[in-house]
Amino acid sequence: MSTTLDRIATLHAEATGAIDAAGTVAALEELRVGYLGRKAELPNLLRSVAQLPPEERGAVGKAANQARQALDVLIESRGTALAAAELDARLAVDTVDVTLPGVPAQPVGRLHLLTATRRAIEDVFCGLGFTVVEGPEVELVHYNFDALNHDPAHPARGRSDTFYVRRPRTDSVGAHDPANEVVLRTHTSPMQPRAMAAQAPPIAIIVPGRVYRRDSDATHTPQFHQVEGLAVDEDITLADLKGTLLAFARAIFGDERDVRLRPHFFPFTEPSVEVDVSCFQCAGTGALKPGPTRPARCNLCKGTGWLEILGSGMVDPNVLGMVPTGEYDPERWQGYAFGMGVERIAMLRHSVPDLRLFYDNDLRFLAQFG
Amino acid sequence: MRLPLSWLHDHVVPDLDVRALATRLAMTGTEVDRIDRYGVDGLEHFVVGKVLTCGAHPDADRLRVCTVDVGDGDREAAQQIVCGAPNVAAGQTVAVARPGAIMPDGSKLKAAKLRGQTSAGMILAEAELGLGDDHAGIMVLDSALAAGTPLAEVLPISDTVLELEVTPNRPDCLGVYGVAREVHAATGAPLGPAPWAQDDHPAFDAIPGVTITVQTELCPRFTARAFEHVTVGPSPAWLRARLLAAGLRPINNVVDITNYAMWLTGQPLHAFDLDRVAGGTLTVRAAGEGETMTTLDAAERTLDPDVVLIADADGPTSIAGVMGGQRSEVHAGTTRVLMEVATWDGPNINRTMAKLGLRSEAGARFEKSLAPEQAMEAQAVASRLMRELTGAEPVGGTIDLGGPGPRAQTIRLRDSRVVSLLGAPVKRATSHEILTALGFTVAEADDGLDVAVPAFRRHDVTREADLIEEVARINGFESLPSTVPRNRTGFPGRLTGAQRLRRRAEDVLVGRGLHEVAGWSFTEPALLDRLRLPEDHPLRAVVELENPMSEAQSILRPTIVGSLLDVAAHNAARGMGDVAIFESGCVYRRHADPAEPLADEHHALAALVTGARAPASWRDGASGPADFFAAKGLLEAVAAALRVELTYAPAAEWPFLHPGRSAEVLRAGARVGFVGEVHPLVTADWDLDAHAVGVFAVDLGRLVAGVPGVAAYRDVTSYPAVRQDLAIVVPDTVPAAEVVALVARSAEDVRVFDVYTGAQVGEGRKSIALHCAFRAKDRTLGEEDVTRLRDKLVKRIASELGGELRA
């Protein structure tokens, strides 16, 4: 009996060595057939267990079975390892030029810089609690000027400043009501009275949109874009305006920015202020290379350290009082309004030198932004 | 408003350099556009000289060679200067510019040789200093002046000028003294007495031989004074220098006095030659319809009853407040002057100037509504100068029709309101001080101040908020805290649903490689012809501008297609012929109801593709050129992203599109836009005929109307589908969409994957190959179920479309 058991041990050891040494999946398959195949010795030993004396059968059968199972496992794992190694070897020579572009070539489109900038502005003010509303571009003089407290002689009303729309003569009498005249809106502000007539206070809106003025040179185009803001409640102050615009300026021009208010005049705000943001190119110093020699003047802010970004102020009591619903009693309600030029913000932020580039729509310009 | 610094210093001398002053003014509400220099620079090179000798030039008849003592002392000999003036002579005291001097035109004087003779500078004529037009001879100065005296101490040869941007609510700052008052309030520097404080004119209320009548409400005040023994001539150098520095042209002493007084007080004046005022009568009245007159600029003007004029016995002499007439103009021989200073209705002056296309310095002030009180201020200033500079003597006293304006309004300024509007308190004493400095009369009250408004701020300051602005702007905003208000609206900040969907639509196109463009809202009327629109086409109902910048921008675009073609042509002309662009913007049409004043505007989304459909790739090569289907594919992508179902029908209404390759875009049966290839005649007109040009345009509002903001879940755990491909042969005339719709009644996910025409399906027929999926809600379909469904489908195809399943 011991000879049989010895033989099994010898076969097991011999096969284990051979399997470990097998270098290819094919060689391993040969070993599998050689040791575990139908004609191999170990399976034969197992099959002939029945012919052994009964007292030997158990031990021999068990040994042979264990040896066969162990070899099965060994071949299996060795096979996996060899297959992986062979795949690796094949993949190692299956190379592509990884520097070639992807296929198919994917075109990249861009939003126009004005849209990208407008969206950035909208998102800042949405975050500050403003709702975005829009209004007509062809607008009544009433909303564009009268309801915004413009003096009847305000120069902006002039034919030299504002586009008027030709109206078909419907009235035979010729009675021409100036308040019924129609213009291309000169600012997004007409939505202030429109929105207030539609919504009781408190209100917090911004109004993005296209506006028109009769002006054309490197710094003026007859059409441009504005974003208007209006916030009215019982306790909104000029300090709130400053804080809101500071938050805006930091969101758009960087966290280090500061703002300052400069008194100005607008018919529909009182007090009125222009808002400057500290220059982001020179960090508000006005100089680019401060040093022992004369500092270079910052070309962006022209050495002032400040960039004008918008006009604003506290809503004029007359504007509130003129809201036809009567819901904006100026003794109770107060608030601020502001209006900024989208082009101006985009030009400052992206160093665009000429306003007209926005409307040339040259693809080489468009591809740079958005 | 050009403000010569020396003039300001007559009234207030702030302890700030000019830049600091400009900043202070800007920070208190008066923007300084720029700081300009008037006259010469390099002042140390301008001196008084004594002509010691004056001899002939050896080689030039017209030149004289002079030696001039320029005060350099014993150490240096007198300078040799060559001079071309006929009046130069030994013994004269003259003005000399030495090398290094910078002349008014900016040129720098150098030592030179003139026909071989060295010249160390030049002896100056008035014109060379910018003081006048007189080139004829050099200036001869007072002989008491010592050689070497700086010329700037003797003559007004140089000044610093602040160019102020005065806001329209502050006509008082269109006068030097008004700005001086601002500077006083802003800097604390003491303010000198008003230049009109003393008025020595005789105090009668009539002028012998002069009758004035005012027949209109549009003239709140009319004042007149008369002078005789007037000698008209040039103004003295100081006056001319001031006017020139202020940007006004000196004319003669009388006219210069009116301009000087206007610049000082902000109140325009007009001088008549009293002997040319026919009948000695002036009548202020509305013009007659069609009445004409010739203004000082030699133009004949046709007037109407809304224009106010001043007429004498012979007819109109001035358009009130805007411009005088030629007939009664002061001239060289004038000896008697009528000085008219009036107040006019601002809005009326504004309308008059707009109507006549005529603007003047006077009108620009009157249109801002001046205070009647200012009229007598200007009279006082002018009367003094008339006496001093023209030798004039008063005739009679002052005719004053209308008198001063209404009594001062007193406004309560509540401390509590100051803090509640600004968000930070201002001490009552500070408010008191600021308002007093600005010319308000201030008295203490229980809860604040009672503030009386001076006449010159009557129109601008009428309410408490106006006073708060005055206090706040002078007090400064630096100390104001930065706070953010609570949002009590009850809504979060947000975009509307339509705005979110618009962004999504734009992003879909950007994601497919299109560049967004920004076209002009304006366009040319010729666009309508270039788009081949017939006379009655709805797109011809355009919005027209009354006062366009040019014909090319005289209407508003009725469609974005023109803008897109323009942009494509711009880029194609620069070698960028593969164009994939879109615009998201407004289009405008006249409202269908003529009584509706506003336009019919809608926000459109439109795209244009031409040239290669996609960038070429190294493996797959170039893609084919864009066409109808490229444009349609983009629109389908937008619609799918927005979850909008669109259908398409052959188009008939768009003459700028290829008639066989264009479609109406329909949503729920209603038109929302079009898609197609641009008509070859149109592409040719834009020089875009190298390739087909695909476009689509949709009304975004109609496209997304009613799209639910929130998508609801649909079951995905249903029974498996049986996927099959069907090839269906139908007559050519049957649109693919009908085949798809019919199949979709029995199956899901129906998609066209091939279209075949040719011999195998027969003449006049086409085969449309579809992927589709048969599925039941309640069980897995078996073979016989599918067969049954297919059989039903085949019958329908035959009966409804005249088609059959391809074998």
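Helices (H or I, at least four residues) and strands (E, at least two) are DSSP runs, numbered from the N terminus. This is a predicted model, in which local features need pLDDT of at least 70 and side-chain atom pairs count only at pLDDT 80 or more, while totals for chains, interfaces and linings use all residues. Residues are numbered from 1 along each chain as its sequence is written, and chains are lettered from A and ligands numbered from 1 in the order in which they are written.

**View 1. Two cis peptide bonds in chain A.** Welcome to the first stop. Pro271(A) lies in strand 7 (residues 269-278) of chain A, and the bond joining Glu270(A) to Pro271(A) is cis, with omega about -5°. Another cis bond runs from Pro201(A) to Pro202(A), with omega near 0°. Pro202(A) sits in the loop between helix 7 (191-198) and strand 4 (203-212) of chain A.

**View 2. Helix 4 and helix 5 of chain B cross.** The axes of helix 4 (residues 237-246) and helix 5 (residues 253-265) of chain B come within 11 Å and cross at roughly 55°. Axes here are lines fitted to C-alpha atoms, for helices over the stretch in contact, and angles run from 0 to 180 degrees between N-to-C directions. Leu239(B), Arg242(B), Leu243(B) and Ala246(B) of helix 4 meet Asp256(B), Asn259(B), Tyr260(B) and Trp263(B) of helix 5; two residues are in contact if their C-beta atoms, placed from the backbone, lie within 7 Å.

**View 3. An open sheet in chain B.** Look for 4 strands in the order 35-36-34-37, with antiparallel pairing. Two strands pair if DSSP finds at least two bridges between them. Strand 35 (748-756) and strand 37 (804-805) stand at the edges with a single partner strand each, so one side of each has no neighbour in the sheet. Strand 34 (residues 722-731) is joined to strand 36 (residues 765-774) by 10 bridges, and Val722(B) has Phe774(B) in strand 36 as its bridge partner.

**View 4. Positive phi at two residues of chain B.** Arg532(B), not a glycine, has a positive phi of about 60°, and its place is the loop between helix 13 (526-530) and strand 27 (555-556). Ala668(B), also not a glycine, has a positive phi of about 50°; Ala668(B) is in the loop between strand 31 (657-667) and strand 32 (670-678).

**View 5. Where chain B touches chain A.** Here 83 residues of chain B are in contact with 82 residues of chain A. Helix 11 of chain B gives the most to the side of chain B that touches chain A, with 6 residues.
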